[in-house]
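Please read it alongside the structure.

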Protein chains: 2
Amino acid sequence: MCLMVKCALCVHLIYSDIVQRSREELKAIRETNPGLKPTLAIIQVCLCAIEEILRLNEDSRVYGIFLHLPQSFLSKSVRNAIKPQKDVDGDIEISRAQTPKPISQLAQEVGLLPEELEAYGNTKAKVHLSLLNRLQHQPNGKYVLVAGITPTPLGEGKSTVTIGLVQALSAHLKLNSFACLRQPSQGPTFGVKGGAAGGGYAQVIPMEEFNLHLTGDIHAITAANNLVAAAIDARILHEATQSDKALYSRLVPSVNGVRCFSPIQMARLQRLGINKSDPSDLTPEEVRAFVRLDLDPEKVTWQRVIDTNDRFLRKITVGQANTEKGNARQTQFDIAVASEIMAILALTDGLADMRARLGRMVVGSSRNGQPITADDLGVTGALAVLMKDAIKPTLMQTLEGTPVFVHAGPFANIAHGNSSVLADKLALKLVGEEGFVVTEAGFGADIGMEKFFNIKCRTSGLKPDVVVLVATVRALKMHGGGPNVTAGVPLPKEYISENLQLVADGCSNLKKQIQIAHLFGVPVVVALNAFKTDTQAEIDLVCRIAEASGASAAVQCHHWSRGGRGSVELAQAVKKVASQKNYFQFLYNLQDSVVEKIRTIAQKVYGADDIELSPEAQAKIDYYNQQGFGALPICMAKTHLSLSHMPEKKGVPTGFILPIRDIRASIGAGFIYPLVGTMSTMPGLPTRPCFYDIDLDPVTEEIKGLF
Amino acid sequence: MCLMVKCALCVHLIYSDIVQRSREELKAIRETNPGLKPTLAIIQVCLCAIEEILRLNEDSRVYGIFLHLPQSFLSKSVRNAIKPQKDVDGDIEISRAQTPKPISQLAQEVGLLPEELEAYGNTKAKVHLSLLNRLQHQPNGKYVLVAGITPTPLGEGKSTVTIGLVQALSAHLKLNSFACLRQPSQGPTFGVKGGAAGGGYAQVIPMEEFNLHLTGDIHAITAANNLVAAAIDARILHEATQSDKALYSRLVPSVNGVRCFSPIQMARLQRLGINKSDPSDLTPEEVRAFVRLDLDPEKVTWQRVIDTNDRFLRKITVGQANTEKGNARQTQFDIAVASEIMAILALTDGLADMRARLGRMVVGSSRNGQPITADDLGVTGALAVLMKDAIKPTLMQTLEGTPVFVHAGPFANIAHGNSSVLADKLALKLVGEEGFVVTEAGFGADIGMEKFFNIKCRTSGLKPDVVVLVATVRALKMHGGGPNVTAGVPLPKEYISENLQLVADGCSNLKKQIQIAHLFGVPVVVALNAFKTDTQAEIDLVCRIAEASGASAAVQCHHWSRGGRGSVELAQAVKKVASQKNYFQFLYNLQDSVVEKIRTIAQKVYGADDIELSPEAQAKIDYYNQQGFGALPICMAKTHLSLSHMPEKKGVPTGFILPIRDIRASIGAGFIYPLVGTMSTMPGLPTRPCFYDIDLDPVTEEIKGLF
């Protein structure tokens with residue numbers, strides 16, 4: 001049994017299962033000591049005195065202890081599970097019915113020192129990266145990826161499986177575990193219903209914090225992204241309206257009679273091959289090369305971003321005021337999470353690396369075809385300053401009081417769709433060798449998992465131990481030939497009554513996704529996310545086929561309705577499979593040609609016969625090779641609704657050629673992204689956005705109608 | 001005596017004097033409790049034993065005390081002053097050289113309960129509005145406004161005077177005091193050098209937190225503002241492309257076979273005079289009136305905002321993508337602090353009032369001339385949810401460890417340019433009857449102070465006790481006929497050598513601003529912000545003329561170089577004048593006609609002979625009167641560089657007619673704003689933005705080059 005005791009020094013609750021008391025005794029103590037929530041502590045003991053504790057435990061006069069634990073012990077302590085309130089409906093109501101633990105308490109439970117924490121209110125906190133240094137000799141825990149089969153447009157519950165799994169591991173199997181989740185974009189929160197905090201009894205709480213501003217990371221990304229955009233257009237204007245000399249005297253002004261280059265200007269000079277440090281030494285040609293980025297307005301690839309579903313910003317013309325002197329040009333806003341800076345946040349391993357990646361971001365090209373970077377604009381340092389807090393992962397908790405890192409949420413189509421490397425690394429140290437870190441990849445396994453392995457793991461150097469592949473009877477029926485599934489429309493009858501044939505046929509997709517994971521040498525546990533309309537025969541069928549298809553285990557999960565208890569079987573399977581040896585490998589080598597890398601993914605993962613490059617795509621590949629970008633990994637921008645590029649093709653499509661329409665590059669993030677079809681990077685609001693139902697009670701401050 | 005002691009339980013510093021221990025005993029305790037940094041405190045006593053404390057104070061064996069103070073005592077406690085590190089140059093270096101007190105400690109010192117605080121890291125925290133309820137019977141402290149003479153483009157140091165004054169009051173005169181400051185816009189931080197955190201030894205620290213994201217309020221405003229904008233354009237598109245019936249079935253959908261209006265839709269029905277609650281009861285005409293806001297795209301007044309200096313967004317065309325089906329229109333982005341939501345944040349007195357104001361915001365008008373509000377769009381509740389944390393003021397500290405509220409920062413030209421009513425109210429309760437709250441108004445007194453009295457005090461019901469009017473020899477010389485002062489250009493010699501004639505002549509502006517304050521019945525203390533180039537004769541001359549012009553006192557201040565010590569004389573003068581009776585009154589009645597109100601301000605404050613309305617302005621007045629908006633106060637949008645509308649006219653211009661070019665209204669914020677000339681609401685980046693010098697050290701995490 002798990003018992004709360006008080007740390008004598010800091011009045012924060014910590015947990016121990018050393019001493020036991022009955023529920024009734026605790027209740028009585030609590031009632032007579034209303035200030036001392038929830039328990040008390042009387043005697044101080046030293047940790048080694050286990051016998052003494054056990055003896056005290058039998059002493060009816062003792063009802064609690066003060067326990068001085070050295071901080072180093074805390075990362076091994078078993079966390080306290082808090083029990084969800086039952087009998088409430090709706091995700092926000094379930095979330096609100098649960099009082100979260102103070103975040104400082106959770107931080108202590110997971111082994112953080114007070115100085116490693118920056119609380120943001122009482123339910124969320126930033127964690128310092130210095131932790132990585134302190135725990136550098138701590139072995140990593142097990143690394144579990146939650147991926148999914150090709151989903152319906154409704155999603156199949158990867159987030160809830162992730163949360164249910166850590167709740168089961170922590171609160172029920174008593175294993176240290178951490179969930180690492182993506183931060184959702186705030187924009188869609190006010191569009192169509194549906195949150196990213198999980199749901200039911202497998203949620204991150206408070207869910208409104210998770211879904212709204214959180215600790216401001218996306219706002220920081222927006223500010224940094226848009227500073228780059230403002231710098232680009234202002235620079236184009238200033239270059240268009242000033243002589244070389246005027247530009248030079250402004251860019252390198254005389255301050256108290258002295259002119260000198262700033263460090264970032266020195267770096268540009270070096271890139272230009274000008275090895276001079278005295279501004280008066282430059283020749284007119286060198287001055288011209290230095291002051292003129294000569295950005296081609298037609299070839300600016302950097303776009304502004306906003307964290308709002310604002311469809312009218314999909315194509316806009318900027319610079320139409322008189323003050324911009326005729327330099328108007330057409331451009332667009334993307335949703336903030338589509339910013340390359342978000343992808344950098346997700347892939348970086350620290351401040352120095354982030355700063356370097358920000359500086360390398362290519363924002364467009366000059367009229368003579370040279371890539372122009374954030375470093376060329378002189379803006380790198382300011383971007384790093386704007387992002388200095390965002391780089392720290394945010395600690396929150398599940399509905400059962402187990403720890404969660406929320407950090408970064410890059411778009412899963414034009415970027416890699418995985419939460420941050422840093423959060424995973426911190427969590428793997430915190431859980432320790434016997435612990436588990438469960439992280440989630442966006443979309444189906446053919447996209448999110450492939451990018452997790454080939455991009456994220458390659459960057460981080462981390463090796464995954466198990467893939468949990470989420471399936472639903474609903475999605476399998478769709479793959480087996482069931483009618484269309486559309487958001488906002490009632491499900492056709494095939495999905496709410498037993499149909500074993502559809503399920504059996506649809507398992508082709510499940511089998512293929514298992515095989516994809518095996519290409520990387522990682523074992524698979526299939527988690528069947530059970531709905532109340534699923535029959536036992538359907539569930540058994542899926543599990544049988546999954547195991548026959550090579551899954552190490554296949555189990556049903558009921559976390560939505562039962563919380564961690566509903567995922568104990570999954571947790572046990574994951575624990576068992578994680579202890580087996582595995583043979584992780586990448587699917588391609590970075591040194592393969594860009595075309596080879598794309599073809600490998602298309603054929604081995606998607607099942608395409610071949611790829612077909614448009615002339616634009618071929619020209620871009622030539623350009624990237626020439627610029628030395630050819631050795632980057634590939635981040636496919638493909639629909640998630642089919643293994644192929646055709647969303648309507650369910651199951652396992654074959655006999656198709658994957659068309660590569662265009663290719664782009666995120667040089668700072670460090671990948672090349674081929675576009676297969678058109679990716680929308682700005683959602684819109686429907687006729688009746690869900691904000692019609694959202695409100696704030698001015699007295700209780702409770703939020704209504706959010707999900 | 002002011003002594004730091006530790007609370008035995010919570011390791012937070014509190015104040016005390018009651019119990020003693022020998023140095024040896026304390027040392028022993030300390031050694032056996034290494035967690036208890038840095039001192040002392042052993043015995044508990046009761047507060048009434050003042051004599052005992054004083055006796056202990058003389059006892060050389062005692063060097064610390066534990067004191068358990070009831071929380072209610074804490075708001076009267078004297079704060080602990082921290083001494084600035086000297087011998088560092090540059091604002092950020094001075095800021096960084098000082099280690100701020102933990103914000104939880106400061107909160108406790110000023111009398112906040114732990115549950116009233118939400119820390120955001122260790123140097124800033126949000127304060128709950130519930131405090132107003134807890135301290136409702138506490139008398140308010142003195143209320144001091146810092147305003148200025150008509151400034152040069154460089155600014156004359158109102159922020160530093162404000163901070164220097166509270167440092168002197170708190171740390172030197174031992175009076176409870178609070179500074180209330182505006183949150184600066186982040187955009188300009190990366191444009192032209194110059195922060196809003198004060199400077200030198202009169203700063204808010206950490207200044208980089210103050211100037212960057214802070215606690216996310218401006219980001220929240222941006223999100224809320226842009227949700228309204230997205231809702232407007234999406235609604236125009238949906239109305240343009242759907243029949244009444246389709247709109248109605250989407251806006252009032254059948255959920256599980258039941259259709260019903262949401263509360264915000266019921267409110268719209270009532271405004272339309274339709275007293276029905278069953279969606280099936282509406283006639284086709286009523287359906288049409290309900291579903292069609294019929295916004296005239298030409299008459300949308302709501303604009304998008306962004307907290308970046310992005311001049312290319314001053315005039316843009318949105319909606320050019322095919323998905324927007326030809327509904328492109330021209331619009332603009334403003335800097336975020338220009339949002340009406342910022343003005344609402346500054347004027348609201350609580351959640352219910354904020355929600356109501358957000359709902360009343362007029363975003364444009366329908367084709368038949370009816371104002372359309374956020375309530376009509378159905379977005380009010382979502383806005384309140386986005387703003388739920390922003391409504392709580394942020395607690396920070398000065399360089400000397402005295403408390404500061406940072407909250408709201410509405411534009412000083414198109415809005416009222418004052419920090420929030422709520423921060424002032426909280427601070428007035430916290431300092432108690434003998435304490436002081438010092439708040440600042442933007443621009444010169446003719447603008448910021450006039451709006452402070454006529455708009456902010458009228459809204460809040462608070463009565464100011466003293467005006468501190470900031471003057472500099474530099475600005476007075478400019479008013480006396482000195483050459484132009486331009487940012488970024490060295491000052492002409494008149495400004496760096498003695499010139500008594502220019503000073504004497506320029507005091508006309510100072511005298512006029514004193515008279516303006518007296519119109520409102522509030523006494524004036526002139527604070528001459530001394531520069532090292534000022535001569536004693538110049539300083540004495542200004543003080544003499546100021547007192548002869550009716551100022552209750554006129555003193556020189558050296559807070560920039562000396563911190564609070566440099567403003568002790570000012571603090572003493574303010575303390576003295578604040579104890580005198582005053583006769584505060586408004587300049588006009590709300591029931592006066594709009595034209596009368598504008599004329600009163602133009603004549604009595606600016607010294608104009610009369611006003612002249614453009615036909616547009618006259619038409620707007622007629623429209624506002626017809627809509628029932630005529631009884632709102634007036635928020636003049638005028639240049640701050642002259643008492644007149646002509647920036648080049650210094651001193652006290654006379655014989656001019658004030659032209660009213662146009663008139664707009666912020667119905668949610670609650671004022672009408674006549675435009676005198678063209679106000680830029682989007683700054684730009686110069687050729688060499690200051691981001692060239694800004695950087696982050698990846699190892700120390702120190703910021704370089706910010707101001």
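What area is buried between chain B and chain A, and what percentage of it do carbon and sulfur atoms give? In this predicted model, the buried area is about 7,400 Å², and carbon and sulfur atoms give 64% of it. On the side of chain B, B:Phe312, B:Thr687 and B:Tyr692 supply 12% of the area that this chain buries against chain A, more than any other three residues.

Counted by contact, 87 residues of chain B touch 84 residues of chain A. Across the interface there are 10 salt bridges and 34 residue pairs in polar contact. In the salt bridge between A:Glu324 and B:Arg311, the closest N and O atoms are 2.6 Å apart. Helix 9 (residues 217-241) of chain B gives the most to the side of chain B that touches chain A, with 12 residues. That side is made up of 44 nonpolar, 21 polar and 22 charged residues.

The next topic is the aromatic rings. Over all chains, the structure holds 28 aromatic pairs. Two of them are set out here.

| Pair | Centre to centre | Angle between planes | Type |
|---|---|---|---|
| B:Phe452 and B:Phe453 | 5.7 Å | 65 degrees | edge-to-face |
| B:Phe453 and B:Phe520 | 4.5 Å | 40 degrees | tilted |

B:Phe453 lies in helix 18 (residues 445-460) of chain B and B:Phe520 in the loop between helix 20 (500-519) and strand 22 (524-529), so their pair ties together parts that are 67 residues apart in sequence. B:Phe452 and B:Phe453 are buried, and B:Phe520 is buried as well.

In chain A, ring pairs link A:Tyr143, A:Phe452, A:Phe453, A:Phe520, A:Phe584 and A:Phe586 into a cluster.

Methods: Residues numbered from 1 in each chain as written. Chains lettered and ligands numbered in written order. Predicted model: local features only at pLDDT ≥ 70, side-chain atom pairs only at ≥ 80, totals over all residues. Heavy atoms only, no water. Contact = heavy atoms within 4.5 Å. Buried area = accessible area lost by both parts, 1.4 Å probe. Salt bridge = Lys/Arg side-chain N within 4 Å of Asp/Glu carboxyl O. Polar contact = N/O pair within 3.5 Å; in protein donor to acceptor, adjacent residues only side chain to side chain. Helix = DSSP H or I, 4+ residues; strand = E, 2+ residues; numbered from the N terminus. Nonpolar A, V, L, I, M, F, W, Y, C, P; charged D, E, K, R; others polar. Phe/Tyr/Trp six-rings, centres within 6.5 Å; stacked < 30°, edge-to-face > 60°. Buried < 20%, exposed > 50% of the residue type's maximum accessible area, 1.4 Å probe, protein only.
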